[in-house]
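Visitor: Could you walk me through this model and tell me what stands behind each label?
Guide: Gladly, and I will set each value against its cut-off as we go.

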Amino acid sequence: MTSVLLATFSLLPDGEPGGEQLVAALAGRDVDARWVCWDDHDLDWSSADLVAVRSTWDYTRRADEFLQWSRWVEQRALLLNGSRVFEWNIDKAYLLDLAGRVPVVPTRLVDDANLLPGLAVAIADFGTVVVKSRTGAGGLGVVVAERTDDPRLSGLNSGPWAVQPLVESVRSEGETSVFVIDGEMVSQVHKLPAGEEIRVHEAYGGASCPVRLTDEHAALAGRAMQAGAEVLGRSLDYGRVDMMRLGDGTLAVSELELIEPGLYLDVSPENAQPFADLVLRRIAD
Ligand SMILES: Nc1ncnc2c1ncn2[C@@H]1O[C@H](COP(=O)(O)OP(=O)(O)O)[C@@H](O)[C@H]1O
Ligand SMILES: [Mg+2]
């Protein structure tokens, strides 16, 4: 029987929320899929026909180890998207590579050596800024600052950082995500933060709900995936494109998630079907 390993991490041994939907969708296609921790060294990874990175949500604090593991795994099994894609996507500096190709939330890079002048220039240019670790996920360490002595900057995670203008529409229009699986725009999720928060994640009170695909969001998602594929010189198996509307009305990419975008299977269980189809197609290729 075809065997697929779905990589998660130790605090989420049963996989992402709704993860059983993915196992069921694959079982319906005669594939034996199971959730395993990416850092399980006792596992025979070479026994799998395919490995899919899904909810490896500790990779941000173990980036080097994670990338090394992905290179090791892909010598033993088919790995969706793969280590080179992960290497590029693990650093929010990839937004700069996309910027010449699709509208992207303006992004500057700062590090400890130029934190104060870098922030001062960004604040002068952008007004209120959002500062976040270049390798980060789940909204952790995302900080808003209006001045270089803004006390909120004490909440920064370790650098280097990406600095962006605070996109005000996140509070009203929110953030929209489109899943792209094997070149198809498959579903859309609308996310809104709560209260004074700008982070849309549920952990900060935000709410996500599935909505119909809109032409505007699907088109930008398709362009963003295409742009990523051009930069990398290879096609992409899956991705989630997050978008926000800038002050001038332009819809812009805020994130292109090519490593471990949660499929929102708890709110959009139907996302399991195209992902399962992707797995089968890649095994058959
Ligand atoms: N420039 C920005 N303007 C407004 N909100 C932002 C901005 N950057 C991030 N956010 C908010 O913070 C959240 C987390 O930031 P994001 O860039 O998606 O990083 P992560 O990789 O941690 O998800 C976003 O989903 C959004 O709600
Ligand atoms: Mg995000």
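Guide: Let us begin with pairing: two strands count as paired when DSSP finds at least two bridges between them. The model is predicted, with local features requiring pLDDT of at least 70 and side-chain atom pairs pLDDT 80 or more, while totals for chains, interfaces and linings take in all residues. Numbering of residues starts from 1 along each chain as its sequence is written, and chains are lettered from A and ligands numbered from 1 in the order in which they are written.

Visitor: What makes β3 and β4 a pair?
Guide: Strand β3, residues 50–55, and β4 share two bridges in the parallel sense. The cut-off is at least two, so they count as paired. L50 has L78 in β4 as its bridge partner.

Visitor: How do you know that β1 and β2 pair?
Guide: Seven bridges in the parallel sense link β1 and β2, and A7 stands opposite V36 in β2.

Visitor: Why are β2 and β4 said to stand at the edges?
Guide: The strands form an open sheet of four in the order β2-β1-β3-β4, with parallel pairing. β2 (31–37) and β4 (78–79) each have a single partner strand, so one side of each is left without a neighbour in the sheet. Helix α1, residues 19–27, lies across β1 (2–8) and β2 and runs at about 150 degrees to β2. That angle is on a scale from 0 to 180 degrees between N-to-C directions, with axes fitted to C-alpha atoms, for helices over the stretch in contact.

Visitor: Why is β1 called largely enclosed?
Guide: A residue is buried with 20 or more other C-beta atoms within 10 Å of its own, exposed with 12 or fewer, and partly exposed in between; C-beta atoms are placed from the backbone. Five of the seven residues of β1 are buried, so the strand is largely enclosed by the rest of the structure.

Visitor: What about R61, and why is it called partly exposed?
Guide: R61 has 15 other C-beta atoms within 10 Å, which puts it in the partly exposed class. R61 lies in the loop between β3 and α2 (63–73). Its C-alpha atom is 9.8 Å from that of A137, 76 residues apart along the chain.

Visitor: And why does L96 count as partly exposed?
Guide: L96 has 15 C-beta neighbours inside 10 Å, hence the label. L96 belongs to helix α4, residues 94–99.

Visitor: What makes β9 largely enclosed?
Guide: Seven of the seven residues of strand β9, residues 175–181, are buried, so the strand is largely enclosed by the rest of the structure. Both faces are covered: E175, S177, F179 and I181 are buried on one side, and T176, V178 and V180 on the other.

Visitor: Which strands pair with β9?
Guide: Strand β10, residues 184–192, runs antiparallel to β9 and is joined to it by seven bridges. Strand β12, residues 238–245, pairs with β9 in the antiparallel sense over six bridges. F179 has S187 as its bridge partner in β10 and stands opposite R240 in β12. Two residues lie between the strands in the hairpin of β9 and β10, where D182 takes a positive phi near 50 degrees.

Visitor: Which strands are at the edges of the antiparallel open sheet?
Guide: That sheet has four strands in the order β5-β8-β6-β7. β5 (108–110) and β7 (143–145) are its edge strands, each pairing on one side only. Inside it, five bridges join β6 to strand β8, residues 161–165, and V131 has V163 as its partner in β8.

Visitor: How many domains are there, and which residues do they hold?
Guide: The assignment, of an automatic or database kind, gives domain 1 (2–82), domain 2 (94–103 + 170–258) and domain 3 (108–166).

Visitor: Which residues come nearest to ligand 1?
Guide: A residue is near when its C-beta atom, placed from the backbone, lies within 6 Å. There are 20 residues around ligand 1, and V130, Q164, V167, V170 and V200 come nearest. β6 (129–133) and β13 (251–257) are the elements that give two or more residues to this shell. Domain 2 and domain 3 each supply at least three residues to it.

Technical notes: Contact = placed C-beta atoms within 7 Å.
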